[in-house]
Amino acid sequence: MQAQIQTALQNVNARSRTLKFVFGPNYKSAGEVKKSVAQIRGDIDELTALKDELTSTADQTEIQSAIDELEAEADALEEELAGTLRGFSLFGWLNKILSGY
């Protein structure tokens, strides 16, 4: 999953400045990253439910550390994606609509 996310982020960043100015960022790849972040958030919810079911504090501690790592990763991805999508483009709105972002 991380390889897919990194590839999608590279595709978002791969556009030249001219293309970004005219057409905006690569919203198709940005959508893939957004979907991956949503999947990570879903995994966090599942781990939280699992943690609540456990009685052993050692297991709860391990799961909480995994949850913390996933939350940090999801937050970092969202922040990087938001930074990549910032900026002005002439026809970015059209590209955004056509790509379904």
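Trainee: At what angle do helix 1 and helix 3 pack?
Mentor: Helix 1 (residues 2-13) and helix 3 (residues 27-53) pack at about 145°, their axes 8 Å apart. Axes are lines fitted to C-alpha atoms, for helices over the stretch in contact, and angles run from 0 to 180 degrees between N-to-C directions. Helices are DSSP runs of H or I with at least four residues, strands are E runs of at least two, and both are numbered from the N terminus.

Trainee: Which residues of helix 1 make the contact?
Mentor: Ile 5, Ala 8, Leu 9, Asn 11 and Val 12 do. Contact means heavy atoms within 4.5 Å. On helix 3 the partners include Val 33 and Ile 40.

Trainee: Where do the numbers come from?
Mentor: This is a predicted model, where local features need pLDDT of at least 70, side-chain atom pairs count only at pLDDT 80 or more, and totals for chains, interfaces and linings use all residues. Residues are numbered from 1 along each chain as its sequence is written, and side-chain values use heavy atoms, with hydrogens and water left out.

Trainee: What is the mean pLDDT of the chain?
Mentor: The mean is 89, and 100% of the residues reach 70 or more. pLDDT is the predictor's confidence in each residue, from 0 to 100.

Trainee: New topic. How many helices and strands?
Mentor: Five helices and zero strands.

Trainee: What does the C-alpha trace span?
Mentor: About 55 × 20 × 20 Å along the principal axes of the chain.

Trainee: And how much of the chain is buried?
Mentor: Buried residues, those under 20% relative accessible area (1.4 Å probe, protein chains only), make up 26% of the 101 residues.

Methods:
Buried < 20%, exposed > 50% of the residue type's maximum accessible area, 1.4 Å probe, protein only.
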